[in-house]
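Colleague: I would like to learn how to read a model of this kind, feature by feature. Please give the general idea each time, and then the case at hand.

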Amino acid sequence: MIRLLVVDDEMKIRQMIKKYAEYEGFVVDEAVNGLDAFNKCVLNDYDLIIMDVMMPELDGMEAVRMIKEKRPLMPVIMLTALGEEYDRVKGFEVGVDDYVVKPFSIKELMLRIKAILKRVNKEFEQDDVFVLEGLKIDFKARIVTIDDKRVSLSPKEYDLLVYFVRNQGIALTREQILATVWGYDFFGDDRTLDTHIKLLRKNMQEYSRYIVTLRGVGYRFEKTDES
């Protein structure tokens, strides 16, 4: 059974999400704030967390940061009324997989939950390890190393990188990337993809040159003449 943790200080929101999630066959636990969520994650394994940002005692951002230290691969969807890019960047940096802005469609939230769970549980049918010079990806372990040093990527950054290397040398449109990596018909601004690409390039250090920008199209992963 898929087990979710819904974290929000508003009881009506928790109950609404729980009602629909249980209808979809999920098992749902609730937490009333970030501290409550952290304590529950220490004691229990969850397949995904739905976390509000603004909460008493411990806000969502700090709670995610603390949870990721204990459970680094646990997916998180953040519920937020904030739309500024800074807040999204901060969330992606601590390991948030996706955002849903309040007020939200419960059907959209369920689609996003299913998309992330499908991505997490997907088994790669190709080689278990990818190596390109000093870059190495262990697909089964979901570990990326650069020059034998482990690189800390958020789940979404990792998915982007894997999608790129699985399609090495192929021009990928922005629409293709969003549809495949996010796993649903994405609607929203392009800053979500731009922010993740920026963070991924930063974490890939000198190997960021493998991600080539195709102006007006999207991106391609390839060895350049500079490589």
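Predicted model: local features only at pLDDT ≥ 70, side-chain atom pairs only at ≥ 80, totals over all residues.

Colleague: Which residues of the largest nonpolar core touch the most other members?

Modeller: The general idea comes first. In soluble globular proteins, nonpolar side chains tend to be buried together. Here the largest nonpolar core has 30 residues, and those touching the most other members are Ile-137, Leu-161, Phe-164, Ile-177, Met-204 and Phe-221. Two or more residues come from each of strands S6 (129-132), S7 (135-138), S8 (143-146) and S12 (218-221), and likewise from helices H6 (155-166), H7 (174-182) and H8 (191-204). H6 contributes the most, with seven residues.

Colleague: What is Phe-221 in contact with, leaving aside its neighbours within four places in sequence?

Modeller: Its partners include Phe-130, Leu-132 and Leu-135, then Leu-161, Phe-164 and Val-165, and also Met-204, Tyr-210 and Ile-211. Gln-168 and Gly-169 are in contact with Phe-221 too.

Colleague: How do I read a helix such as H6, and how many of its residues are buried?

Modeller: Start with the geometry of a helix. An α-helix has 3.6 residues a turn, so residues three or four places apart point the same way. In this model H6 has 12 residues and spans 16 Å from first to last C-alpha, close to the 16 Å expected at 1.5 Å a residue. As for burial, 11 of the 12 residues of H6 are buried. The buried residues include Lys-156, Glu-157 and Asp-159 as well as Leu-160, Leu-161 and Phe-164.

Colleague: At what angle do the axes of H2 and H3 cross?

Modeller: The axes of H2 (residues 34-43) and H3 (residues 60-70) cross at roughly 10° and come within 9 Å. An angle under 35 degrees counts as roughly parallel, so H2 is roughly parallel to H3. Gly-34, Ala-37, Phe-38 and Cys-41 of H2 meet Ala-63, Met-66, Ile-67 and Lys-70 of H3. By class, the residues of this contact are six nonpolar, one polar and one charged.

Colleague: And at what angle do H7 and H8 pack?

Modeller: The angle between H7 and H8 is about 80°, with their axes 11 Å apart. The range 65 to 115 degrees counts as roughly perpendicular, and H7 and H8 are therefore roughly perpendicular to each other. H7 makes the contact through Arg-174, Ile-177, Leu-178 and Trp-182, and H8 through Thr-192, Leu-193, Asp-194 and His-196. These divide into four nonpolar, two polar and two charged residues.

Colleague: Is Glu-69 buried or exposed?

Modeller: Exposed means over 50% relative accessible area. Glu-69, in helix H3, has 58% and is therefore exposed. Glu-69 is 25 residues from Val-94 in sequence, and their C-alpha atoms are 9.7 Å apart in space.

Definitions and conventions: Residues numbered from 1 in each chain as written. Heavy atoms only, no water. Core = buried A, V, L, I, M, F, W, Y, C linked by side-chain atoms within 4.5 Å. Buried < 20%, exposed > 50% of the residue type's maximum accessible area, 1.4 Å probe, protein only. Helix = DSSP H or I, 4+ residues; strand = E, 2+ residues; numbered from the N terminus. Contact = heavy atoms within 4.5 Å. Axes fitted to C-alpha atoms, helices over the stretch in contact; angles between N-to-C directions. Parallel < 35°, antiparallel > 145°, perpendicular 65-115°, else oblique. Nonpolar A, V, L, I, M, F, W, Y, C, P; charged D, E, K, R; others polar. Expected span 1.5 Å × (residues − 1).
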